[in-house]
Amino acid sequence: MAVEIVTVKSANSRPIWFIGKNALDQAGLPQDATLWAKANDFNGEAGRVLILPAKEGAIAGALFGTGGEEKSGQSQLLAGKLARALPEGDWHIEGKPEDAALTTLAFLMGGYSFTRYRKADGKTIRLALPEGVDAKETQAVADAVTLARDLINTPASDMGPDALEQAARDLAGKYKAEISTIEGDALLAQNLPMIHAVGRAGSIAPRLIDMRWGNDNDPKITLVGKGVCFDTGGLDIKPASGMLIMKKDMGGAANVLGLALMIMAAQLPVRLRVLIPAVENSISGNAFRPGDILQSRKGPTVEIGNTDAEGRLVLADALALADEEEPELLVDMATLTGAARVALGPDLPPFYTHDDDLAQAIAQKADETADPLWRMPLWQPYAQKLSSRVADINNVTTDGFAGSVTAALFLSRFVEKAGAHVHFDIFGWTPVEKPASPVGGEAQAIRALNQLLKERFPAR
Ligand code: BES
Ligand code: MN
Ligand code: ZN
């Protein structure tokens, strides 16, 4: 299955009518279509698709139910269902949908399938570009979502730290970004000890990927993404059920690469830096252990209460490095805690920042782009739960309460100079099919952030 946007509507393009709940009679449909809809009990129910017949077995068009008033979260992306439901061929939207750009994007997102290991069905849907939609911009967003999903869906056997580096190099090459890596024991020489400690048991060397793009005089925006290519839990091994989808533990990295794609495609006037600690949290004789005490880049020593809390360790060193050049905005994304899912479920990632204005702006953009996000507190009184008897800080708390909050507090300990820091504890995965999302790897927070950056740093 594939969805293509075409700028010139083909002569045999068929119309899709968007119909609100109980709005069939006011929709101005041809009489045949209204009668067919009534015969099929179609009355604009959210997400329902009804194909309209023509003579001699042909298709005249389609009706699409947009449902009632309530518009929130994924309901704005409902049109994603059409990508799967419509038969092959040329289609256009009749009239003007409420948000034409989001509707077009939903089509593209809903048409995604992961085809690396088996053929997709051969269906192609060509959608005529609705009026007022910027094809290039919408396509770039869809490409970013596809990149993030593809990288997450690719299993660790083909998406180790080396392959993740290659994906970053491919992206850098496309937009003429500079890219370098610090690999293996060089991590020790370059003072990134916790990235080394977490990744050294993996059969593919751990590394820090460092990509830069844009003009040095422009505002510095730095994105840090957790690139744990597989998370066994380490010596504190995960049970089978918890390990099953841990190929997605590089979801933060996949998502920041997607966001970088959008920033570079739109040529936003920023100096972009992307840092990805790429490691495997593996088990071997040289694995880091519970009780070990690690020296961090920034200075504090870290007692390992649990080797499965590895993401915050590799992020801490990457964040400390990012912080050194005092970026105006420092964003990190990570599939950091199961606790974030307990709090908010898979589809509503929490984010954390001290900056109230930034938080408000992010929440607003999340709403506008149907990329749901929810602010949670950096509740300082819980910081002392991370205290250690023998080191400056422990990587876990003992009571396990507020796990996503304490993980965020841990990270914030390693940032002090950045103009603003925001941390996203994403799930990076869609466990139950949604209109614009098949089950599997998912882009989260990057469409909202793209919107925010686009408005804050308008292209020249
Ligand atoms: N990658 C996991 C977090 C995770 C688990 C995200 C399941 C999404 C789904 C992370 O490295 C981890 O294992 N975190 C532990 C932390 C704990 C040991 C304090 C967790 O959440 O259980
Ligand atoms: Mn873990
Ligand atoms: Zn992890």
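In which sense do strand S2 and strand S5 pair, parallel or antiparallel, and over how many bridges? The legends below describe close-up views of a predicted model.

**View 1. Pairing of strand S2 with strand S5.** Strand S2 covers residues 14–20 and strand S5 covers residues 89–94; the two run in the parallel sense and are joined over four bridges. Within this pairing, Arg14 has Trp91 of S5 as its bridge partner.

**View 2. The open sheet of six strands.** The strands follow the order S1-S6-S5-S2-S4-S3, and their pairing is mixed. Strand S1 (2–6) and strand S3 (49–53) form the edges, each pairing on one side only. On average, neighbouring strands of the sheet are turned by 30 degrees against each other, direction ignored. Helix H1 (residues 31–39) packs on the sheet, where it touches S3 and strand S4 (59–67). The direction of helix H1 makes about 130 degrees with that of S3.

**View 3. The site of the zinc ion (ligand 3).** Lys226 (NZ), Asp231 (OD), Asp249 (OD) and Glu310 (OE) coordinate the zinc ion at 2.0 to 2.4 Å. The site is octahedral, with six donor atoms and angles of 78 to 175 degrees among them. Along the sequence, the donor residues are spaced K-x4-D-x17-D-x60-E.

**View 4. Asp231 between two metal ions.** Asp231 bridges the zinc ion (ligand 3) and the manganese ion (ligand 2), and these ions lie 3.1 Å apart.

**View 5. Asp249 and Glu310, from distant parts of the chain.** Asp249 belongs to the loop between helix H8 (240–243) and helix H9 (251–265). Glu310 lies 61 residues away, in the loop between strand S13 (301–303) and helix H10 (311–324). Asp249 counts as buried because its relative accessible area is 2%, under the 20% limit. Glu310 is likewise buried, at 0%.

Definitions and conventions. Residues numbered from 1 in each chain as written. Chains lettered and ligands numbered in written order. Predicted model: local features only at pLDDT ≥ 70, side-chain atom pairs only at ≥ 80, totals over all residues. Heavy atoms only, no water. Pairing = 2+ DSSP bridges. Axes fitted to C-alpha atoms, helices over the stretch in contact; angles between N-to-C directions. Contact = heavy atoms within 4.5 Å. Donors = N, O, S within 2.8 Å, 3.2 Å for Na, K, Ca; no water. Tetrahedral: all angles 85-135°; square planar, octahedral: opposite > 155°, others 65-115°. Buried < 20%, exposed > 50% of the residue type's maximum accessible area, 1.4 Å probe, protein only.
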